[in-house]
Amino acid sequence: MRAALDAGIDGITLAAGLHLGSFGLIEDHPRFRDAKLGIIVSSVRALQIFIKKNARTNRLPDYVVVEGPLAGGHLGFGMDWAQYDLATIVAEVMQYLKNENLDIPVIPAGGIFTGSDATGFLESGAAAVQVATRFTVARECGLPADVQQHYFTADEDDIVVNEISPTGYPMRMIKSSPAIGDGIRPNCEAYGYLLDANGKCAYVTAYNREVAAHPGARKVKVMDKTCLCTHMRNFDLWTCGQLTYRLRDTTHRLADGSYQVLTAEHVFKDYQFSTDQKIALPERQEV
Ligand SMILES: Cc1cc2nc3c(=O)[nH]c(=O)nc-3n(C[C@H](O)[C@H](O)[C@H](O)COP(=O)(O)O)c2cc1C
């Protein structure tokens with residue numbers, strides 16, 4: 001964060017987790033009150049805790065992203081995520097801010113799939129929306145082309161939330177992700193470290209357990225945890241939003257059976273201009 005602020009970045013969104021100490025880490029930075037700082041929460045309670053714990057820095061977040069249970073990747077919910085609903089949480093957050101006389105923009109995220117979904121939230125007071133899933137199948141997205149085809153072909157029951165992330169948070173992914181069950185040797189030195197408060201990574205612990213249980217095996221299988229750093233780096237862990245199974249309805253099926261990749265511009269314009277829950281298909285491309 002300090003390096004980003006030093007480099008003149010406009011703003012930082014603190015994602016994945018509660019960030020109770022993150023403002024404190026940069027409060028002495030000259031740009032602490034000048035750069036935009038946003039947070040992501042999945043409940044009004046998480047927001048209340050954040051505001052209480054950071055009151056001493058005399059600095060409120062500049063915006064609050066409210067991420068609901070249908071979002072991609074790590075979730076701020078337990079395995080009971082399906083019992084929650086984005087619109088309800090957004091309304092609770094807005095009510096809380098109003099009661100506290102806090103004028104902080106609220107940005108809902110998670111399952112906002114059409115322009116109509118977006119305008120619904122904007123009309124009820126949201127400052128913006130945060131979207132991701134629709135862009136996973138855009139040419140500009142970093143996913144390799146063959147992996148994008150897995151996103152297009154995923155059915156609803158191919159999208160799972162499990163607990164294999166060593167972070168301890170439930171995570172949503174496509175269940176055919178090569179990372180699931182893979183027993184790769186941890187590659188912490190090359191790709192970074194994902195450690196818990198005790199300096200341990202749950203994957204390294206699980207991997208060592210399997211190696212000890214299968215002496216002499218050339219390769220082990222680790223089912224309960226995944227080597228997040230390596231597999232994300234190699235695009236083998238296909239994290240996704242819940243509505244990924246609707247992506248095939250946003251494009252054309254080509255003569256060779258594959259789905260036509262979109263452009264970010266097309267998806268962006270569709271969010272801006274579509275009405276009545278419609279999704280505009282792109283101009284059909286020749287194979
Ligand atoms: C493939 C994918 C990966 C994601 N990875 C992250 C991440 O690393 N950190 C994060 O804060 N949010 C991540 N998200 C969540 C998005 O930032 C966003 O809040 C959410 O997915 C929006 O909902 P939507 O995907 O239904 O549009 C990811 C989303 C997707 C689809």
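The entries below go from ground rules to sheets, helices, single residues and the ligand.

**Entry 1: ground rules.** I am working with a predicted model, in which local features need pLDDT of at least 70 and side-chain atom pairs count only at pLDDT 80 or more, while totals for chains, interfaces and linings use all residues. Residues are numbered from 1 along each chain as its sequence is written. Helices (H or I, at least four residues) and strands (E, at least two) are DSSP runs, numbered from the N terminus.

**Entry 2: the four-stranded sheet.** I looked up the strand order and found an open sheet of four strands, β1-β2-β3-β5, with parallel pairing. Two strands pair if DSSP finds at least two bridges between them. The edge strands are β1 (11-14) and β5 (106-109), each pairing on one side only. From one strand to the next, the twist averages 20 degrees; axes here are lines fitted to C-alpha atoms, for helices over the stretch in contact, and angles run from 0 to 180 degrees between N-to-C directions. I then checked β1 against β2: they pair in the parallel sense over four bridges. Glycine 11 has lysine 36 in β2 as its bridge partner.

**Entry 3: the three-stranded sheet.** Next I found an open sheet of three strands in the order β4-β7-β6, with antiparallel pairing. Each of β4 (73-74) and β6 (159-162) has a single partner strand and stands at an edge, so one side of each is left without a neighbour in the sheet. Between β4 and β7 I noted two bridges in the antiparallel sense.

**Entry 4: helix α3.** Which residues of α3 (residues 44-54) are buried? I found Ala46, Leu47, Phe50 and Asn54. A reminder to myself: an α-helix has 3.6 residues a turn, so residues three or four places apart point the same way. On the other side of α3, I found Arg45 and Lys52 exposed. The cover over the buried residues of α3 includes α2 (22-26), β2 (36-41), β3 (63-67) and α4 (86-99).

**Entry 5: α3 against α4.** I followed up on that last neighbour. The axes of α3 and α4 come within 9 Å and cross at roughly 35 degrees. Val44, Leu47 and Gln48 in α3 meet Ile89, Glu92, Val93 and Tyr96 in α4, where contact means C-beta atoms, placed from the backbone, within 7 Å. By class, the residues of this contact are five nonpolar, one polar and one charged. (Ala, Val, Leu, Ile, Met, Phe, Trp, Tyr, Cys and Pro count as nonpolar, Asp, Glu, Lys and Arg as charged, and the others, Gly among them, as polar.)

**Entry 6: helix α5.** In α5 (residues 115-123), Gly115, Asp117 and Phe121 are buried. They are on the same side of α5, because their arc around the axis is only 160 degrees. Among the elements covering them are α4, β5 and α10. Just after α5, I noted glycine 125 with a positive phi of about 110 degrees.

Entry 7: Histidine 19 has a phi near 55 degrees and is found in the loop between β1 and α2. Glutamine 277 has a positive phi of about 60 degrees and lies in the segment after α10 (264-273). Buried or exposed? Histidine 19 is buried, with 20 other C-beta atoms within 10 Å. Glutamine 277 is exposed, with 11 other C-beta atoms within 10 Å.

**Entry 8: methionine 171.** I found this residue in strand β7 (residues 171-174). Methionine 171 is buried, with 20 other C-beta atoms within 10 Å. Not counting residues up to four places away in sequence, methionine 171 touches Gly73, His74, Leu75, Val161, Asn162, Ile164, Ser165 and Thr239.

**Entry 9: the ligand.** Which of the 21 residues around the ligand come nearest? They are Ala15, Gly72, Gly73, Thr133 and Gly241, with near meaning that a residue's C-beta atom, placed from the backbone, lies within 6 Å of the molecule. I sorted the shell by class and got eleven nonpolar, nine polar and one charged residues.

Conventions:
A residue is buried if 20 or more other C-beta atoms lie within 10 Å of its own, exposed if 12 or fewer, and partly exposed in between; C-beta atoms are placed from the backbone. Two residues are in contact if their C-beta atoms, placed from the backbone, lie within 7 Å. The arc is that of the directions from the helix axis to the C-beta atoms.
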